[in-house]
Structures are given as C-alpha cells and as structure tokens.
Amino acid sequence: MSEAPAKLVGIVLVSHSAAVAESVADLARGLTGGGTTAPVAPAGGTADGGLGTSAELVSAAAAAVDRGAGVAVLMDLGSAVLTVKALLAEGDELPENTRLIDAPFVEGAVAAVVTASAGADLAAVEAAATEAYTYRKE
Amino acid sequence: MLDADFFRRWMTAAAASVDREAERLTALDSPIGDADHGSNLQRGFRVVAATLEKESPDTPGEILQLAGRQLISTVGGASGPLYGTLLRRTGKTLGDAAEVSREQLAQALRAGVEALMALGGAAPGDKTMVDTLVPAVEALGTSFEAARAAAEEGAVATTPLQARKGRASYLGERSIGHQDPGATSSALLIAALVEAAGE
C-alpha cells in the first residue's frame, strides 16, 4: 500500500448472530483509532432475527459499503461461508470486486478495518486479514 | 421426456414432502446439529413453491435456477446454499431445452452434485447429503425407481458413520448412531422427483 487510493475498501462482517456481527464491527472500528474509518457493515443472523445467515442481509451490507474500491467479506463459519460463496458464484448478487476473505473472524476483522481505513487496496486488506491466522497466542 | 410441468411437479412435491417431514428433519438435527434443518428447509421450499407459481418460468432449466436462487436467499442455514447450488447448477446444465430425457437429467444432476461437493467440501462417507445424492444420481441413469431406492439406502447408511463435515463433526464419535438430517432431506428430494415422474 504505497499510494493511498482515494476510495476506501468496504468491509462486510457476516456472522450467525446479529449481536456478534455488530459487536465485532464496533470493536474493529474502535481499534482503528482517529481519522477516517473504512465503511464497515455487519450482516448477522437471519432476516427475522434468528441465528443463521441471510443472503439478503449480506447483499445489502455489501452494497452499503461499496465505494468502488472493492469489498472484503469476512465470515464466521458454516452457512455464513457457504452463503457468501454461493452469492459470489451467482455473479450479480454482490458488487463487482467483492472478495471472500479467508481469515479468523475477530482478528481478521480488526486487521481488515485498520488496514482499509489506512487506505490500503483490497489485496493489502486481504493480506492483512489473512495474516491474522499466523498470530499465535501461545 | 421431462417437460417444465414435470419440474414444477418435482418442486411442488418436494415442498409438500419437506412440509410433512419438517418435524422429523428437525428431530434428526437435534442430537447432532442445531435443530433447525426442518424449519429452515420448510421456509425455503415454501418460498420456492410460491415463487414458481407467481413467476411461472417455462423451461426446466429456468425452473431449477429460480428454485435454487430462492433456497440460497431464504433458508438461512447451510442447506440453503448447498441445495441452492445443486439446483442452480443442474438448471444451468440443462440449458434452455423445453424437454429433457431422464438420462440428460441424470447427467445435469451429476454436475449439480459436483458443484455442491465443491462448495461444501464433503466427500462420500463424510455423513452428509452427498451420501444420498451421489448413489441416487448414479442410479437415476438406470431408472427413477432405482434412484429412490439408492437415495433411501444412502441416507440410512449414514447412521453408523462419523460426521466429518459441518457442525456434527465437532461431536466426533458421538455423531455415530444418528441418521444424518441432510442425507435424509436429500432422500426426500429424490423421492419427490420420482413422485413427479409418477412412478
């Protein structure tokens, strides 16, 4: 990330739980510090408020954070991952240049939002989020 | 030959069957899953049936693609993208033919099952819907009735297996002794297909 692009990468956080998605979004924004924060949208739970994944919430979140610099989507597990993959395979359900990011959900979200807020491009955001896998706690 | 009416009958029969069996599917999903398989599929297939009625697509391929898209959007669990991908890929493979033969359907379903396996990462023996669908689609090359029998056998044969995919895999050996809910709902879909064929 040499030259900061004018447009920021958007981040979508998909969890089985609306509360988890929202909290992780808050956490990542909070750890970003001052200045500009990249657009972040949670897409948690089903449309009726239950646990699960809503393709519609994911599509809406991706549209909401798309500034033309690409959208990074992080997921927790199971149906969240499968739904995003199926939407990407669909072709027209998500903004152009939307990428599934293979990263741990909480750590990856923090890395992605911090990096995106610094003006990094989508590849750099993805690299930072994915790198979170290598951080050992013991 | 199998025309658009056949495929509509298949989806309607699947919706009715999932409605009837929703409680059993959810009960199977309670010991080894998160007890939502029946209600999730019920919601999805109700939308499929309603959408097909409203939009009346007129080729086999369009019907399956529309049904698949609805399942991806509305189910809310992993079975949505999995069955949705199965139907969409099968529909895409059928192209815009007005009628297809049983052999062509078997061929297209094979592509659909491959897409489902690529998405979920499951192989035969992992205690998933794949254990029903792979033998059923293979047998469909012979006859509808053979497909139903193979599906039923495949579903029952998941009972002694240890789950290697999905939430049930966290249970390790404790997943042994339960018939897999996904394999069971897959057998319902195949039975609905055979019902649509009037056999």
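Visitor: In chain B, what share of the contacts with a separation of 6 or more comes from residues 24 or more positions apart?
Guide: Such residues account for 64% of those contacts in chain B. Two residues are in contact if their C-beta atoms, placed from the backbone, lie within 7 Å. Please note that this is a predicted model, in which local features need pLDDT of at least 70 and side-chain atom pairs count only at pLDDT 80 or more, while totals for chains, interfaces and linings use all residues. Residues are numbered from 1 along each chain as its sequence is written, and chains are lettered from A and ligands numbered from 1 in the order in which they are written.

Visitor: And the corresponding share in chain A, between residues at least 6 apart in sequence?
Guide: In chain A, 74% of those contacts join residues at least 24 apart.

Visitor: How many helices and strands does chain B have?
Guide: Chain B has eight helices and two strands; these are DSSP runs numbered from the N terminus, helices being H or I with at least four residues and strands E with at least two. Along the sequence, their pattern is β-α-α-α-α-β-α-α-α-α. The radius of gyration of chain B is 15 Å, close to the 16 Å of the globule rule for 199 residues, so chain B is as compact as a globular protein of that length. That radius is taken over C-alpha atoms, and the rule is 2.2 Å times the number of residues to the power 0.38.

Visitor: What percentage of chain B is buried?
Guide: Buried residues make up 58% of its 199 residues. A residue is buried if 20 or more other C-beta atoms lie within 10 Å of its own, exposed if 12 or fewer, and partly exposed in between, with C-beta atoms placed from the backbone.

Visitor: Is B:R20 buried or exposed?
Guide: B:R20 is exposed, because 11 other C-beta atoms lie within 10 Å. This residue lies in helix α1 (residues 4-32) of chain B. B:R20 and B:A123 are 103 residues apart in sequence and 29 Å apart in space, C-alpha to C-alpha.

Visitor: Let us turn to chain A. What elements does it have?
Guide: Chain A has five helices and four strands, running β-α-β-α-β-α-β-α-α from the N terminus. Buried residues make up 52% of its 138 residues.

Visitor: In what order do the four strands form their sheet?
Guide: The sheet of chain A is open, in the order β2-β1-β3-β4, with parallel pairing; two strands pair if DSSP finds at least two bridges between them. The edge strands, each pairing on one side only, are β2 (40-44) and β4 (98-100) of chain A.

Visitor: Over how many bridges do β3 and β4 of chain A pair?
Guide: Strand β3 (residues 71-75) of chain A pairs with β4(A) over three bridges, in the parallel sense. A:A72 stands opposite A:R99 in β4(A).

Visitor: Which residues of α2(A) meet α3(A)?
Guide: A:A55, A:V58 and A:S59 in α2(A) meet A:T83, A:V84 and A:L87 in α3(A). The contact has four nonpolar, two polar and no charged residues; Ala, Val, Leu, Ile, Met, Phe, Trp, Tyr, Cys and Pro count as nonpolar, Asp, Glu, Lys and Arg as charged, and the others, Gly among them, as polar.
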